[in-house]
Structures are given as structure tokens and as C-alpha cells.
Amino acid sequence: MKIACLGGGPAGLYFAISMKLRDAAHDIVVFERNRPDDTFGWGVVFSDETFDNIAVNDPVSAATIRAHFAYWDDIAVHYQGQRVVSSGHGFSGIARKKLLMLLQERARELGVTLNFQTEIASATELARNYDLVVAADGLNSRTRSEFASAFRPAIDIRKNKFIWLGTQQKFDDAFTFIFEKTECGWIWAHAYQFDVDTATFIVECSEQTWQNFGFGAMSQDESCRSCERIFAKYLGGHRLMSNAAHLRGSAWLNFPRVLCEKWSHRNIVLMGDAAATAHFSIGSGTKLAMESAVSMANYLHSEPAMAAAFAKYENARRTEVLRLQSAARNSMEWFEEVERYLHLDPVQFNYSLLTRSQRISHENLRLRDKEWLESAEAWFQRLAGAPGNTVRRPMFAPFKLRDMRLKNRVVVSPMAQYKAVDGCPTDWHLVHYGERAKGGAGLVCIEMTCVSPVGRITPGCTGMYAPEHERAWKRIVDFAHAETDAKICCQLGHSGAKGSTQLGWEEMDAPLKSGNWPVMSASATAWSERNQRARAMDRADMDRVRDQFVAAAEMAARADFDMLEIHCAHGYLLSSFITPLTNWRTDEYGGPLENRMRYPLEIFHAVRAVWPATKPISMRISASDWVGAEGIEPRDAVAIARMLQGAGVDICDVSAGQTSIRAQPVYGRMFQTPFSDRIRNETGMATMAVGNIFEPDHVNSILMAGRADLVCLARPHLADPYWTLRAAARLGDRGETWPPPYYAGRDQLYRLAGGEPAITPMRP
Ligand SMILES: Cc1cc2nc3c(=O)[nH]c(=O)nc-3n(C[C@H](O)[C@H](O)[C@H](O)COP(=O)(O)OP(=O)(O)OC[C@H]3O[C@@H](n4cnc5c(N)ncnc54)[C@H](O)[C@@H]3O)c2cc1C
Ligand SMILES: Cc1cc2nc3c(=O)[nH]c(=O)nc-3n(C[C@H](O)[C@H](O)[C@H](O)COP(=O)(O)O)c2cc1C
């Protein structure tokens with residue numbers, strides 16, 4: 001096959017090598033506009049496992065590359081005058097120039113023709129003269145632009161500024177992050193050694209800081225001198241150097257996140273950064289480029305035709321790229337938002353940094369550096385007020401809100417059971433909540449319990465508007481208090497326009513087949529075309545509903561609940577005031593967010609006045625309507641939380657969505673946790689995170705990184721009331737209390753978790 005590789009970076013060279021290894025008869029030319037040793041940038045990093053994959057493809061080049069690797073295991077973080085070091089991370093680094101020279105050498109040895117200082121103006125000409133053109137022409141790929149309508153690239157220019165510098169200062173003991181506060185703003189460096197003499201030193205900051213420094217108007221040299229002054233205490237008198245002579249101007253860049261919809265067009269195929277990029281902070285661009293080269297070479301030899309090979313290549317690589325891009329995006333966004341975390345204690349800040357891409361879990365960190373993680377866990381427990389020098393996982397740390405003390409951080413999230421009769425909880429609820437209270441969670445939140453018959457969502461919803469409701473709830477609360485050490489929270493709500501609908505397991509949100517009752521909401525809206533249009537509430541309605549909330553709170557207090565949660569999320573009545581999607585009012589309760597928050601806050605103040613001062617109140621909000629700028633967005637959620645905080649709400653339960661049928665949620669593990677993270681770290685308010693959190697590891701990493709104070713699990717608690725006790729047993733934690741009648745079951749679980757036989761003599 002006659003092949004042209006457009007670009008002599010890692011992708012182009014490694015593809016040429018990989019093809020020659022599979023069939024020496026291929027006629028391959030690499031066209032590179034630069035000279036052989038004339039490369040921009042400094043070092044690149046690989047992780048240990050990354051390189052093993054590459055070594056299988058060509059042990060020869062792998063061995064020569066490995067011989068030039070600088071290795072390190074530690075990550076050091078300089079922040080607030082401290083240097084926090086953790087270990088076990090396993091990286092290697094090499095000079096980009098060296099890597100390319102070794103690949104050039106290997107390519108030559110295998111018979112590849114290398115044409116340097118040859119700029120290709122258009123791939124069209126090449127495509128005519130070669131069977132295959134591999135466009136490995138990098139981040140700013142000209143080929144990608146030339147055939148943009150075929151490749152359909154999405155290019156997202158990110159907001160931070162960075163410059164890729166080098167230094168002869170040694171960073172040979174650890175991959176080093178340095179965060180410096182200056183009068184122009186925060187600025188930080190990612191530094192790592194890549195050969196005996198030189199280290200990469202990437203400087204990054206926000207656009208604002210960059211402007212404050214005036215970097216835009218500086219030459220590359222001036223930027224270097226300026227960065228030297230900023231990071232002087234870490235550079236030991238060494239200079240910072242730029243080798244970006246190919247870049248005009250200041251050499252500061254914004255990272256472009258690239259993903260092409262199609263990776264091939266006729267006989268041209270995109271590879272490496274030309275097809276997709278991954279942010280430099282997870283150091284995987286070179287690995288992706290080289291792995292894609294191997295994949296393409298494989299398929300060209302396994303598939304009968306080039307088109308089939310392209311299809312398989314694109315399919316296989318896209319999945320891998322998306323996986324990496326997702327981790328890279330988390331990491332990139334962490335750096336974009338890092339100023340949010342710069343108040344954290346160095347221990348927590350370090351943890352947040354290490355887990356930023358969400359690829360490294362809590363237990364994975366333990367495998368890497370047990371000692372460091374345990375010191376961080378001890379720090380967390382100390383801060384939580386645990387006795388002595390407790391080292392336990394964060395999920396088992398106590399938490400205090402007003403006078404309510406929780407034994408741990410796991411919350412059974414409110415979940416409607418639709419089993420009430422005329423609003424009255426039944427034996428179902430006694431057994432259901434009793435089991436969850438026994439199951440080990442620190443806090444059990446009951447389902448949305450409605451303040452009036454018309455405030456119910458469905459005929460099966462529980463209420464708190466009749467004396468028998470209060471009695472039935474008290475029986476449940478008394479059971480939890482008498483038999484368990486869980487606390488129990490009453491969620492109060494009003495369905496608004498989403499009321500008068502079918503049970504959850506019938507047709508959710510659909511109107512009742514018969515017996516519908518009239519509904520009201522902030523404005524005359526309907527949940528969907530099928531649902532009835534709500535009446536817009538007038539002042540008398542608002543007073544009545546407020547009084548119903550107050551009466552319900554008084555009943556909940558008499559029933560001895562430990563905490564109240566006011567449901568202001570998911571499109572129900574109070575939520576309908578907050579989101580502009582359903583609040584079109586022209587009075588002082590509509591318009592700007594301050595006005596839309598007025599009624600939920602009136603309810604809060606009225607309820608707070610009758611709720612015992614020793615007990616906390618939470619508000620659950622939808623932090624995103626998932627409809628873009630038309631609705632609530634995370635930044636509005638921060639403003640909402642500030643208002644709740646100002647009003648004296650003790651904790652914000654940060655949910656999202658269910659406010660519009662147009663919502664387009666982006667699901668994933670812990671997908672709503674970023675909203676809680678943002679609220680907690682921008683306002684300082686305590687938060688609960690919820691949404692697709694199902695592993696103990698998720699809970700621990702959320703808490704340890706300071707993304708929430710409490711973690712709610714809903715569906716996992718439907719499947720397993722004993723989720724917390726089981727998690728503790730599995731993790732080897734023996735500190736959780738079990739109900740005494742269950743001790744034999746507990747001991748068996750402990751033995752199984754410890755790898756012992758399940759059956760041992762039982763006590764009579
Ligand atoms: C600041 C920074 C730090 C990074 N750190 C790391 C890291 O630590 N680890 C890592 O794995 N990756 C890192 N990367 C990413 C890495 O550099 C790229 O992902 C990788 O180089 C992609 O390889 P490539 O072959 O696709 O493209 P490139 O390496 O960009 O190669 C493309 C080549 O094509 C040539 N070319 C372009 N157009 C033409 C033309 N018209 N005619 C002839 N030649 C042309 C260019 O001169 C260039 O040599 C980093 C990137 C940045 C910006
Ligand atoms: C069956 C069911 C009923 C629910 N009922 C309520 C409710 O009454 N009040 C509420 O605020 N959220 C309710 N939710 C939402 C959950 O509390 C939680 O926010 C959501 O399920 C996401 O958490 P998960 O991924 O752990 O399930 C309900 C969820 C489920 C699955």
C-alpha cells in the first residue's frame with residue numbers, strides 16, 4: 001500500500017512504524033513541516049499501564065523509549081505554604097524531542113521515508129497520489145478544516161490560559177503542582193522532570209488573572225521572566241524557557257477540546273490530536289495518538305477493505321477517546337474552577353486535586369498510598385468531631401446540625417411509596433421506614449408528605465394534615481427512636497401543578513383516570529398537554545398554603561421528627577415559584593430570582609418560627625432545570641443557596657430537574673454532585689448531594705473532597721435497606737451499630753467479608 005502520513009508527531013510516526021511492522025512492503029512517506037529536532041513543547045508523561053499497551057505493538061521502540069524515561073511515583077502539591085505529598089502514582093516522562101527522535105530512528109530503520117521541512121498545503125493532492133492519507137497534523141489540523149463538512153469537528157475553546165515552558169530546576173522527586181496567590185489573582189504550575197536536566201513547567205491561570213498580569217501584551221521572553229518572578233521560590237534561581245518559536249505572539253494558549261463526528265473521508269483518515277484532544281492535565285494525548293496508530297494499523301490488516309478498516313477503527317477509538325475525554329473534561333473543569341477550592345484545607349485540597357478526573361477512587365487512593373489516605377481520613381474525622389484519633393472512612397464520620405447529631409453521613413433519600421390511605425401512613429410505612437432506620441444510615445428522610453389533600457401528588461401520597469396522620473407518623477418515629485440510632489426527617493411539600501396524578505408505578509405524572517382534583521401553581525401552567533391547567537395562586541391561596549405548611553410542621557414537631565425538609569424541587573408547588581419556566585407572575589413573586597424566591601422563603605420563615613430551635617431545617621432544590629439558559633442553571637442555584645443561607649436554612653439538599661418535560665439531563669455516575677460541590681464551595685453552606693450515587697466509594701470521595709456534607713441514596717435503599725451496614729462490613733469497618741437481634745447475621749457477614757468460612761458454631 002502507498003501511504004502518506006501528513007505530520008511527523010507521535011501519531012504519524014508511530015502509525016508508519018506500526019504499518020511497516022505488519023508488512024514491510026508498504027511504501028510509506030511521512031511529511032513533516034519542521035526540522036527533525038525542531039519540536040515545540042518539552043516533556044510528555046505516560047502512566048505505567050499506558051506504556052505496557054504500546055510495548056506489545058513494538059518492543060523495540062518501547063525499549064529505547066523506556067531507556068530514556070524519567071520515573072517518579074509521588075505527587076506533591078504546594079498550596080498555602082505547605083507541601084503535601086502522596087505516593088504510588090507511577091508516572092514516567094520523556095522529552096517530546098527525544099521521543100520523536102527515537103520514533104524517527106525506528107521508522108527509518110524499518111524503511112519509512114521521512115520528508116522534513118515539507119509543508120503540505122492541502123491533503124487533496126496527496127489523496128490523489130497515495131492509496132491512503134493519514135492526517136496526523138495535530139491540534140490545528142489543516143486537513144480537518146479542509147474537509148470540515150465531512151469530518152464535522154466540534155471545537156470547544158476552553159477558558160483558562162496556559163503556556164508550556166521548560167526549566168532546569170529539578171522536579172525529579174515528584175510530579176509537582178504549585179498554586180500561588182498573587183495580587184493579580186491565583187496562578188499555578190504543573191511541573192515534571194522528563195530528563196536529567198530539564199522539567200516541563202506549564203503555567204496556567206484564569207483569563208482574568210492573565211489579563212491582570214498583562215500577559216497578552218508580553219513577548220514570550222517577557223512572559224518567562226514574569227513567571228520566573230511569580231514562582232521564584234520554587235525555581236532555585238533557574239530560568240523558565242519557551243521553545244514555541246513556531247507560535248506568534250505571547251505563546252499563551254486556550255486549550256481547544258476537539259472531537260470529530262467522522263474520522264475518515266474517502267481515503268483520508270484523521271489520527272491523534274487532529275481527530276480528538278484530551279486536556280494536558282491528564283497527560284494522555286500522546287498515548288491516545290499512539291494507540292490510535294496501532295488500532296488503525298491492525299484494522300488495515302484484518303479487514304478486507306479500507307472502508308471497513310476505517311469504520312472499525314473509528315468505532316473502537318471513539319469509545320476509548322470518549323472515555324478519556326470525559327476524565328480529561330473533569331480534570332480540565334477542575335482547573336477552570338480551581339479558585340472555588342482555594343479556601344480548602346491543604347489535605348482536602350490535595351484530595352480534591354487527586355480525584356479531580358474521577359478516575360481515581362477513594363479505595364484506589366488507598367492502594368496507591370495507604371498512609372497518606374489514612375492521615376487524610378483522620379483529618380476528616382477530627383474535623384467532624386469524632387473522638388480521639390479515629391481513622392475511619394468519611395462516610396462513617398459524625399455530623400451535627402443544630403442539636404441533631406448524626407452517627408454517619410449516609411441519608412436515605414425521600415422516596416414516595418404511594419401506599420397511604422387518605423394521606424395516612426399505614427403499616428407499610430412502619431415496616432418500610434423501620435427497616436431503613438435499622439439499616440445503618442445516619443438519617444432517614446421520609447417521602448414527600450403533603451400539607452393538604454389537594455397538595456398530594458397522587459391518592460397514595462402521605463399527608464400531614466389530620467390528627468390520624470400525626471399519630472401514625474409518631475408511631476413510626478417512635479419506633480425509629482426506640483429501636484435504632486438513626487435520625488428521621490420529615491419532608492413536607494405541596495404538589496402544585498403536578499398534583500392529581502397516578503401512582504408512581506402506574507403512569508407517572510399522568511392525570512388520574514377519574515376523580516381528579518383542581519390544582520394550583522405559581523402561574524396558570526400545566527405540567528404537560530395532558531395535565532390540567534393549574535390555577536395561578538392568589539394571595540389568599542398563598543396564605544392558606546403557608547398556614548398548612550405551618551400546621552404540618554407543628555404536627556411533625558409533635559410527632560418528634562428530628563429534622564424538617566421543605567420540598568422546593570422537582571416542579572412541585574414551591575419549585576414552580578422558583579423556576580422561570582413555570583413562574584410568569586407579574587407581581588412581587590415573579591420576575592427576578594429574588595422575587596421568585598420570596599414565597600418559598602415566606603414558607604420557610606413561617607415554618608421556622610414554629611419548628612423547635614434545636615432542630616434543623618433543610619430545603620431541597622432543583623439546581624438545574626436542564627433546559628439551558630431559559631431555566632435554572634447551576635449559577636442560579638448558587639444564588640438560590642445564598643438566599644437560603646441568608647434566611648437561616650441549615651442545609652441545602654441539592655437535587656436537579658423534573659421541572660420541565662423539555663429537560664435534557666446529562667446522566668452519569670454522581671451526575672448532580674457537581675451542583676452540590678459548587679454550592680458548598682462557593683457559598684460555604686452545608687449541602688447534601690444526591691443522584692446516581694450507589695457505591696461506598698462514591699460517598700467517601702464526595703465527602704472527602706468536600707463536595708457535600710451528607711450523601712443521599714434513594715434507589716439503592718429500595719433494593720437494600722441495609723446498604724450502610726453492608727458497606728461497612730465489606731470495607732472492614734466494625735464501628736457501626738447493628739440491632740442486637742441481628743448480631744449473628746452481622747458476625748457472619750463480617751466473617752465472609754474477612755474471607756473466613758460463613759459457618760461457625762452458633763450460640764444457642
Ligand atoms: C501544554 C501541553 C502539554 C501536554 N502534555 C502532554 C503529556 O504530558 N503527555 C501526553 O501524552 N500528551 C501531552 N500533550 C498532548 C500531546 O502533545 C499531543 O496529544 C500529541 O502530541 C498528539 O500527537 P499528534 O501526532 O496527533 O500531533 P502533534 O504532536 O501535534 O504532531 C503533528 C505534527 O504535524 C505537523 N504538521 C502539522 N501540519 C502540517 C502540514 N500542513 N504539513 C506538514 N506537517 C504538518 C506538525 O509540525 C507536528 O509535528 C500536551 C499538550 C499540550 C498542549
Ligand atoms: C420511587 C421514588 C420516589 C421518590 N420520591 C421522592 C420524594 O417523595 N421526594 C423527593 O424529594 N424525591 C423523591 N425521589 C427522588 C429521590 O429522592 C432521589 O433524589 C433520586 O431518586 C435520585 O437518587 P438515586 O439516584 O439515589 O435514586 C424519589 C425517587 C424514587 C426512585
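Here are legends for a few close-up views of this predicted model. Residues are numbered from 1 along each chain as its sequence is written, and side-chain values use heavy atoms, leaving out hydrogens and water. Local features need pLDDT of at least 70, and side-chain atom pairs count only at pLDDT 80 or more, while totals for linings use all residues.

**View 1. Helices α2 and α11 cross at roughly 30°.** Helix α2 covers residues 48–57 and α11 covers residues 285–302; helices here are DSSP runs (H or I, at least four residues). Their axes, lines fitted to C-alpha atoms over the stretch in contact, with angles from 0 to 180 degrees between N-to-C directions, come within 10 Å. The two helices are therefore roughly parallel to each other (angles under 35 degrees).

**View 2. Who touches whom between α2 and α11.** On the α2 side, the contact (heavy atoms within 4.5 Å) is made by T50, N53, I54 and N57. Helix α11 brings K287, M290, E291 and V294. By class, that's 3 nonpolar, 3 polar and 2 charged residues (Ala, Val, Leu, Ile, Met, Phe, Trp, Tyr, Cys and Pro count as nonpolar, Asp, Glu, Lys and Arg as charged, and the others, Gly among them, as polar).

**View 3. Helix α12 gives the most to the lining of the second largest pocket, with 8 residues.** A pocket is an open set of points on a 1 Å grid over the protein atoms alone, where a 1.4 Å probe fits, with protein on both sides within 12 Å along at least five of seven lines; lining residues have an atom within 4 Å of a point. Among the 37 lining residues, R329, N330, E333, F671 and P674 are the closest to the pocket's centre. The lining has 13 nonpolar, 9 polar and 15 charged residues.

Methods. Chains lettered and ligands numbered in written order. Parallel < 35°, antiparallel > 145°, perpendicular 65-115°, else oblique.
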